[in-house]
Amino acid sequence: MLGAVFLILFLFFASQPVLNAIQNEHKWLKAGLLNQMYWYHMFFGLVYWTYAQFNRSDSVSYFLSYKHYKNWFDAFEPGTLFIEWVNYPFAKWLGFNYDMMMFFSTWVGFWGFVYFYCFFKENLKFNPKFEGWDAITIFMFLPNMHFWTASLGKGAYIFAGLGFLTYGLSWPGKRIFHIVLGAFMCYMIRPHILFAVMIGMGVGFILGREKVPAYQKYLAALAGIVISILVYDKLLIYLGYDPNNVVASFEEESALNAQRLQSSGSGVDMSSYSLPMKLFTFWFRPLFIDSPNILGIAVSFENALYIYMFSRIFKKSFIDYIRVAPAMVKMSAIVFFSISVSMTYVMSNLGIIIRQKSQIMYYMLFVIVAFMDWEKTNRIKKRAEIYNRIVEEERRNRELAEQEKQMV
């Protein structure tokens with residue numbers, strides 16, 4: 001564990017030049033907050049490390065996997081093997097032990113929070129408040145988000161990849177490195193999530209309120225179609241479906257999920273649920289009464305916050321907003337909803353649901369706070385219009401008064 005302590009300190013100081021560079025680009029950024037987030041996330045790395053000492057964790061097999069490969073690139077494949085590929089040089093060549101590799105992965109997950117924080121801040125005009133507190137800061141410190149992204153596993157790396165990619169797509173012309181790195185990480189861990197993000201970005205780019213030449217929109221649509229055709233077969237095979245008989249293989253997988261529920265202590269049989277109920281289960285459960293353990297109770301508080309935030313968009317004005325929303329909002333909405341729908345048909349265990357939804361909940365939260373931001377902007381505009389009308393009326397009244405005096 002001593003080696004892990006030195007590694008945590010080393011990574012903290014190694015992160016400072018990057019954080020300083022980000023702060024130089026974004027003057028509104030509070031470097032102190034990001035440093036607090038670093039230690040907060042490392043605390044959850046310790047929490048997960050402790051949890052793994054008493055519970056079965058895939059992190060152990062990820063770490064020991066380097067013993068099974070003769071060459072580093074033997075594990076260079078999308079999915080689980082990619083984590084083993086990342087682990088190999090650190091464990092094999094640099095002598096990292098299990099503890100050090102765990103906290104190195106925690107550090108990788110930390111960068112997801114950094115770039116999602118920057119993404120939120122640079123796309124909003126105001127700081128949305130929750131009971132007087134800065135809502136974005138609250139989102140960045142949600143315990144469940146940190147717990148599942150603080151260990152040696154796919155959670156930390158896919159979350160970091162999504163952070164890089166989403167931040168890069170906010171300004172594609174200037175952030176090619178972030179887009180390439182994020183897309184690479186997402187593809188190597190969960191290709192279908194990268195697929196959803198890119199499709200969402202294409203649709204958002206076409207339908208967003210930004211003024212874009214027609215030819216660019218058609219090129220984006222064409223690129224989306226071409227990418228869909230190229231990755232369709234590979235994506236289905238990765239997900240475990242037969243490209244030649246998608247419906248039958250999908251039904252078979254659903255049946256297997258239902259069978260697994262019989263041996264799962266936190267299983268939820270969603271096969272008979274309607275789509276709205278499936279989505280509610282994926283987004284907001286467990287909720288206190290169906291929490292399988294202490295962790296589930298802690299997550300229930302977070303889910304209650306999600307329900308409260310989600311309730312903020314049940315307004316007619318939300319439909320009006322979506323119609324005129326910028327590309328990044330539409331992209332986030334499409335990514336969140338499309339991935340949610342697909343996951344409800346393959347997830348049947350609350351433990352897995354809690355882990356998987358942490359990868360996409362920031363997209364939902366971004367759409368909500370962007371809507372709140374738009375509402376506040378409209379309120380300010382209306383107040384300004386009312387104030388200007390009052391000023392104009394007072395000016396006219398003064399002019400009339402002056403004219404009356406002159407006539408007298």
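What share of the 408 residues of the protein counts as buried? In this predicted model, where residues are numbered from 1 along each chain as its sequence is written, local features need pLDDT of at least 70 and side-chain atom pairs count only at pLDDT 80 or more, while totals for chains, interfaces and linings use all residues. Side-chain values use heavy atoms, with hydrogens and water left out.

View 1. Of the 408 residues, 48% count as buried, where buried means under 20% relative accessible area, exposed means over 50% and partly exposed lies in between, with a 1.4 Å probe and protein chains only. The protein has 18 helices and two strands, these being DSSP runs numbered from the N terminus (helices: H or I, at least four residues; strands: E, at least two). Among contacts between residues at least 6 apart in sequence, 74% join residues at least 24 apart, a contact being heavy atoms within 4.5 Å.

View 2. Helix α4 spans residues 80-92 and includes N87, which counts as buried because its relative accessibility is 0%. Leaving aside residues up to four places away in sequence, N87 touches Y62, F63, S65, Y66, M101 and L152. L81 lies in helix α4 as well, but L81 has 26% relative accessibility and therefore counts as partly exposed. With residues up to four places away in sequence again not counted, L81 touches Y69 and A75; the C-alpha atoms of L81 and M188, which are 107 residues apart along the chain, are separated by 8.9 Å.

View 3. A nonpolar core is a set of buried Ala, Val, Leu, Ile, Met, Phe, Trp, Tyr and Cys residues joined through side-chain atoms within 4.5 Å, and the largest one holds 117 residues, of which F120, M140, Y157 and Y362 touch the most other members. Helix α5 (residues 98-122) gives the most to this core, with 18 residues. Beyond residues up to four places away in sequence, M140 touches M37, F113, F116, Y117, F120, H146 and Y362.

**View 4. Cysteines C118 and C186.** C118 is buried because its relative accessible area is 0%, and C186, with a relative accessible area of 0%, is therefore buried too. A search of the whole structure finds zero disulfides, a disulfide being a pair of cysteine sulfur atoms within 2.5 Å.
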